[in-house]
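Please read the following note alongside the model, and check each point against the coordinates as you go.

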Amino acid sequence: MQVKTRVETTINGEQVEFLCEPRQSLLECLRDIVGLTGTKEGCNDGNCGACTVMFDGRIVTSCLVLSVEADGREITTIEGVAEGSALHEIQKTFLEGAALQCGVCTPGFIVAAKALLDQELNPSEERIRLWLANNLCRCTGYDKIIRSVQDAAAKMQETNA
Amino acid sequence: MSTNNYEPNMVLSTKQFKVVGTRPVRHDGADKVTGRALYGADLQLADLLHGAILRSPHAHARIKSIDTSKAEALPGVKAVAVSTDLPAPGDQVVDIGEGDTPLKYVRDNVLASDKVCYKGHAVAGVAAINVHVALEAVGLIEVEYEPLPAVLTAPDAMRDDAPVLHEDLTTDELGEKTDKVSNVAKHFQFKLGDIEAGFAAADTIVEREFDTSTVHQGYIEPHNATVLWNNDDRIHIWCSTQGSFVVRDVTATVLGIPESRIRVTPMEIGGGFGGKIPVYLEPVAALLSKKTGKPVKIVMSRQEVFEGSGPTPGSHIKVKMGVTKEGKIVAAQASLAYEAGGYPGAMVTPGAMCVFAAYDIPNVVVDGYDVVVNKPSTAAYRAPGATNAAFATETVVDEITEKLGVDAIEFRLNNAAKEGTRRADGPKYRSIGCVDVLEAIKNHQHYNAPLEGPNRGRGVAIGFWFNVGLQSSCAINVNSDGTLALVEGSTDIGGSRTSIAMQAAEVLGLRAEDVRPTVVDTDSVGYTDVTGGSRVTFCTGIAAIEAAEDVKRQMVERAAKIWDVDAETVEFDGGTFRGVSNGNSEMSFKELAGRLGKTGGPIVGRATVQPKAVGGSFSGNIVDVEVDPETGKVTILRFTAVQDAGKAIHPSYVEGQMQGGSVQGIGWALNEEYYMSQEGVMANSSLLDYRIPTALDLPMIDTVIVEVPNPGHPFGARGVGEANIVPPPAAIANAIHAAVGVRMSRLPMNPPSLMEAIWAKERQ
């Protein structure tokens, strides 16, 4: 049994503290210690994007972040995307546009897509495809995901206008 | 990439309904976009232990001994399980959905006993207080192996001097069991007409050989299982599976206990494509739970998914076709040798059934060989066997159209399978949509659009896949507010619970949102077969329709009782009951639902079905590619998928199946393969090196849904999940030929193999 380290962090706007082993990834701690299982494990080596979270305003694959690195940082997971009972525009367009089938890659896609639309509201199709190239989906062929991100961008532009 | 002015997704509808054919939001949608949906790995239980599996480092070896003492002594380790913890299989033969298989093979694939047959083969399981300790313990198990030479391809394994995987495996030759020990588990043949006379009548004959690599389904969620062997000897399994009843029955068989002692709760499933039908982890977790008295969870790593679960077979295929100068195919012959992996059961039979399924050919011979090799024991992958076969046939057909100088679609139309066409494996087609798919391609803007620029080319191909019926069950509870709670057993991979609920809603004049579908455990619903064979929306849909009809019948009787009239005089239409003999009194479904409690009690509709009148599906592609002649890289410029859905219950989900299947086909065509060393070690067992298509690799995937109703389904639905993966590799190969003039005979058509082909052509 390894000695545990205390980590103080902010997750989805809430102060969270937990004890973890140095070898545990942020992904493992989010899921198994904090209990936020919306962030998924698909490969545990940074290649599928299912575990994408926001880490101090950047998107990261949480399987490649050691949990001790989360100390003093701000993390947003899929559980923090909706505002209370109101779904985020991307969540709505994913549902209306049938942008998910099995749904296991969906949390990572939504977190990554939100990070893009937080910065720019008029990304080209090519820009969206490049931005989401680290998120693998095996069910959809990406078509409806790309279209749903485009739809969300258009709706968010309307709201901002 | 192409932003022409056209409709990207078209539905060529032949019949309209109220709910069927609309696009409601899926019932599990809110859970899946918020992270609340619970997949197998998300399950937390009190006292949960975590497991890990020791896997063979050798592709082929005898196990001399296993010493688990050091692992058991590691602090935090609670139990270790090996194959001797399972009951001896004896000579028992079991049918786990792929025909009769010796139980020893099923059991040995779960935990190897005397031999390991592939790198990654499970040898032992450990349960510990956390996964890190379990993995440390796995490293402390000492196994003495006697390595044996590995054999990795079907042609090599079929040689007389090949290393033998199973000393007890003898060839089943044309239905007769022989005593020849061999890696060929089975050789079968389909025959139609007179093949020699057919080729004698041909003016042009093209004969080619093809090789396709082992590829993986590549679902994003790894296999997982959590098992509690309770103190009353009842077992509860939570897992990610395409068939909860299959998990129950196979686990019971391997453990040697009655299936009734096992309850399987299917968790949300993160992709399957056929790869989540076999059982790997459940019996091991069950043994570990029995030993510890605690629930045990095991989750595969991505490397374990590649090396320890079942990919789909690599294959060696020969196709020979003869045509008259008028463009009629008069003879076709094929030989298909598929790699089963470590144990028999390559999906070669369906491949052989599909190889010429799109054509009306009078004289046919097809030989199939199921060959064991030292690779993971293979599993189904979306239209299993058919994609390999279509790659061969559709490439040969393209070469024939080139030789004859005829249009690729006109030639296919001239030879297309129709209602009444007999396939070489026996059946005659009932109503099918092969011609309709070809017509839709011919009329599509994409097929007729100019394609300019160097090294660019357009290809087409078509493909077929079956639709199976099997068994499904459904129950519907009527709520007092007039909504329904629908209970079914088909694990939902792509939105099927909504397509099923829509069919019940259609029958009862309700909205899709008024029906709440739930996929429940094996103790809570009647037997339901796997989510596979493109059967769920078709077969479980029929179960939902019949359960809704049962609700309707009981509601009519209740209305008659309330009105004190004969049930025959009560009509139901558009959600309203009407008493014809009662001055046309009316009562809405909702109103009557609210009165059930005081007029005779609750109403539950139920149905179990085993439909026979299934409807297979044809699909076709138009694809434009650009080949970089310096690097051999192929870029997909534009892709159109056409498929016969019979009746698209939820068109967005049908489009999703078509787009997803197309992109899996694109990956299979251009990138994906098990890159094996000569020793049988997979060199690319990560999602970095086994590269499935990313968003950046693709254009939009345009779709055309053709609707040729299936007479065997009340709304005309056909299974649509699979046929879409069949044509892409061939269509892309044909486009590559059109672009740079080389004929590709090997999958994947990656840059090295394309450069070899281009250089070979330049040397000529």
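The points below take up the basis of the model, the contact between the chains, a helix pair, the strands and some backbone details.

1. This is a predicted model, in which local features need pLDDT of at least 70 and side-chain atom pairs count only at pLDDT 80 or more, whereas totals for chains, interfaces and linings use all residues. Residues are numbered from 1 along each chain as its sequence is written, while chains are lettered from A and ligands numbered from 1 in the order in which they are written.

2. The contact between the chains takes 43 residues from chain B and 45 residues from chain A, where two residues are in contact if their C-beta atoms, placed from the backbone, lie within 7 Å. On the side of chain B that touches chain A, α1 (29-34) and α18 (651-670) of chain B each supply at least two residues, and α18(B) gives the most, with 7 residues. Helices (H or I, at least four residues) and strands (E, at least two) are DSSP runs, numbered from the N terminus. By class, this side of chain B has 19 nonpolar, 18 polar and 6 charged residues; Ala, Val, Leu, Ile, Met, Phe, Trp, Tyr, Cys and Pro count as nonpolar, Asp, Glu, Lys and Arg as charged, and the others, Gly among them, as polar.

3. In chain A, the axes of helix α2 (residues 89-96) and helix α5 (residues 143-160) come within 8 Å and cross at roughly 135°; the axes are lines fitted to C-alpha atoms, for helices over the stretch in contact, with angles running from 0 to 180 degrees between N-to-C directions. That angle makes α2(A) oblique to α5(A), given that angles under 35 degrees count as roughly parallel, over 145 as roughly antiparallel, 65 to 115 as roughly perpendicular and the rest as oblique. The contact is made by A:E89, A:I90, A:T93 and A:F94 of α2(A), together with A:S148, A:V149, A:D151, A:A152, A:K155 and A:M156 of α5(A), and by class it has 5 nonpolar, 2 polar and 3 charged residues.

4. In chain B, an open sheet of 8 strands has the order β11-β10-β12-β20-β19-β18-β13-β32, with mixed pairing, where two strands pair if DSSP finds at least two bridges between them. The edge strands are β11 and β32 of chain B, each of which pairs on one side only. Strands β18 (residues 315-323) and β19 (residues 329-341) of chain B run antiparallel and are joined by 9 bridges, with B:H316 opposite B:A337 in β19(B).

5. Strand β15 (residues 235-239) of chain B is mostly covered, as 4 of its 5 residues are buried; a residue is buried if 20 or more other C-beta atoms lie within 10 Å of its own, exposed if 12 or fewer, and partly exposed in between, with C-beta atoms placed from the backbone. To β14 (residues 224-229) of chain B, β15(B) is joined by 5 bridges in an antiparallel arrangement, whereas 5 bridges join β15(B) to β16 (residues 262-266) of chain B in a parallel one.

6. B:L174, with phi of about 50° although it is not a glycine, counts as exposed with 11 C-beta neighbours inside 10 Å. B:A383, with phi near 55°, counts as buried with 33 such neighbours inside 10 Å.

7. A cis peptide bond, with omega of about 0°, joins B:L747 and B:P748, and B:P748 lies in the loop between β32 (746-747) and α20 (751-763) of chain B.
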